[in-house]
Amino acid sequence: MDLGEQIRNKAKELIEIETVDCVIGYERATDGVGARPLFAYKPEEVDRLIFDQTCTHNLAKYLLNRKDKATAIVVKPCDSRAINLLLNESQIQRDKLFIIGVACPGITKTGLNNTSEELQAACQICQQHTPVIYDFLVGEPPASEPDIAEAYADVAAMEGQSAEERRAFWEEQFSRCIRCYACRQVCPGCYCTECFVERLDPLWVGIRIAPEENEVWNTIRAFHLAGRCIACNECERVCPVNIPLSLLNRKLEEEVRELFNFQAGMDAETPAPFATYKKEEVFPEIG
Amino acid sequence: MAIEYQPKIVGFLCNWCSYAGADVAGTSRICYPPNIRIIRVPCSGRIDPLLVVKSFQQGADGVLIAGCHPGDCHYTEGNYYARRRLALLRPFLEYIGIEKERFRVEWVSASEGKKWAQVVSSFTDELYKLGPREMTLAKGTG
Ligand code: SF4
Ligand code: SF4
Ligand code: FES
């Protein structure tokens, strides 16, 4: 039985016995190649659910719109970490959720009108092939996980450059940002009703077109996800000007792992690094 | 005519210890470089990394955060939280090309006027050595 069929069977059962009133999953996009999100409320809508290596979207974001409604959701391992993040931060309720987890073989670069067998960058270095939280699991995880050192090879290369080179690199990257905020809108961790970037008083990020204004946005966006980013890489995927946002996110991820021995979204209980402290800890870099 | 480089430092000092410590330095007439602009905050726990990034964006050559020694925070735990955020911020700034020597976090008590003066002096010296912080791309206006 293929993954899509297992998901459809489960989803139909959940809708029919009214465990949930909506199943959030994927359906084939109108280009006939890619996938797009599907909100299935009726048994016949459930028939459109699919799952394959084109199902890239992190659907956990949509749970923020359905906080007190019984919902079933299809999640990949990275998306399942987003659910833990949102549970940990008291944004959603576990008893309203039915989680259909998919052991994930990795998602390809297939996008709008474009078929590709190649895995997305984040999937090539992914360490987590089984969802960390689920009620029902489909699929088989691949046999081996990539080496953790590989996951940060590009971060290490960046660290190896001089401050001047890094400065020039990031300025060039940030200068291309058109501040569409797609990276924020797609991120499951970005759910504030008011974002610092839209504050007018004080105006933290000036509206004029200037690389140094973008810099404030791009660096603080990443920092607000420090210890919270669950590495779905949706932000980088949706960026229309291809800014390597994961190169920022994974630097923070690596530091958080080293400084606080913490990885976001692995469970729903461990307090986030900035929500706690230890009196006896020492940080050689400061003080 | 070239204007001689004078490092600009933005200092965020907690009201209860470090600001009082800087006051002691003043009333005891201890000399230290005038390169620092002091902003008084209620507690080092108030320091949002945004304030630091914004200071650099507005042209600071260095940013200094000073608060009560761990264990002495007026609000008991503000500096314990601050310390975690700032310990992560420093390597992150370094990563995006703001040398970590430009960002300092120091614990200065209300009686440590001398330490305060030393901190500002050594930070200013270091910033002289590093030179001005410049953007390589053309600046926007305004
Ligand atoms: S998606 Fe890219 S261009 Fe849009 S705001 Fe984010 S970084 Fe800037
Ligand atoms: S910052 Fe990017 S990779 Fe991290 S959780 Fe948000 S969208 Fe996903
Ligand atoms: S009051 Fe000084 S650090 Fe909290």
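Let me start at ligand 2, in what is a predicted model: the residues around this ligand are A:Cys187, A:Pro188, A:Arg221, A:Leu225, A:Cys229, A:Ile230, A:Ala231, A:Cys232, A:Asn233, A:Cys235 and A:Asn249. If you sort that shell by class, you find eight nonpolar residues, two polar ones and one charged one.

Now for the other ligand. Ligand 1 is surrounded by 13 residues, and the closest of them are A:Cys177, A:Cys180, A:Tyr181, A:Cys183 and A:Cys239. Two elements of chain A, α8 (182-186) and α9, each give two or more residues to that shell. By class, the shell around ligand 1 divides into 11 nonpolar residues, one polar and one charged.

While we are speaking of α8 and α9, please look at the loop between them in chain A, where A:Pro202 has its place. A:Pro202 is joined to A:Asp201 by a cis peptide bond, with omega at about 0 degrees.

Let us step back to the chain as a whole. Chain A is divided into domain 1, residues 3-138, and domain 2, residues 153-273, and the C-alpha centres of these two domains of chain A lie 25 Å apart. How many residues are in contact between them? On the side of domain 1 there are 20, and these are in contact with 25 residues of domain 2. Together the two domains of chain A bury about 1900 Å², with 52% of that area on carbon and sulfur atoms.

Across this interface between the domains there is one salt bridge, and in it the side chains of A:Glu89 and A:Arg228 meet at 2.8 Å, N to O. There are also 13 residue pairs in polar contact between domain 1 and domain 2 of chain A. On the domain 1 side, the largest share, eight residues, comes from helix α3 (residues 77-88) of chain A. That side is made up of nine nonpolar, eight polar and three charged residues.

Finally, I would like to turn to the partner chain. Here 47 residues of chain A are in contact with 39 residues of chain B, and the two chains bury about 4100 Å² between them, 65% of it on carbon and sulfur atoms. Which three residues supply more of the area that chain A buries against chain B than any other three? They are A:Tyr277, A:Glu285 and A:Ile286, which supply 16% of it.

Between chain A and chain B the count is four salt bridges, and one that you can look for links B:Arg90 with A:Glu285, where the closest N and O atoms are 3.0 Å apart. On the side of chain A that touches chain B, the elements α6 (153-159), α7 (163-175), α9 (211-224) and α11 (245-260) of chain A each supply at least two residues, and α9(A) gives the most, with nine residues. Sorted by class, that side of chain A has 28 nonpolar, four polar and 15 charged residues.

How values were computed: Residues numbered from 1 in each chain as written. Chains lettered and ligands numbered in written order. Predicted model: local features only at pLDDT ≥ 70, side-chain atom pairs only at ≥ 80, totals over all residues. Heavy atoms only, no water. Domains from an automatic or database assignment. Contact = heavy atoms within 4.5 Å. Buried area = accessible area lost by both parts, 1.4 Å probe. Polar contact = N/O pair within 3.5 Å; in protein donor to acceptor, adjacent residues only side chain to side chain. Helix = DSSP H or I, 4+ residues; strand = E, 2+ residues; numbered from the N terminus. Nonpolar A, V, L, I, M, F, W, Y, C, P; charged D, E, K, R; others polar. Near = heavy atom within 4 Å.
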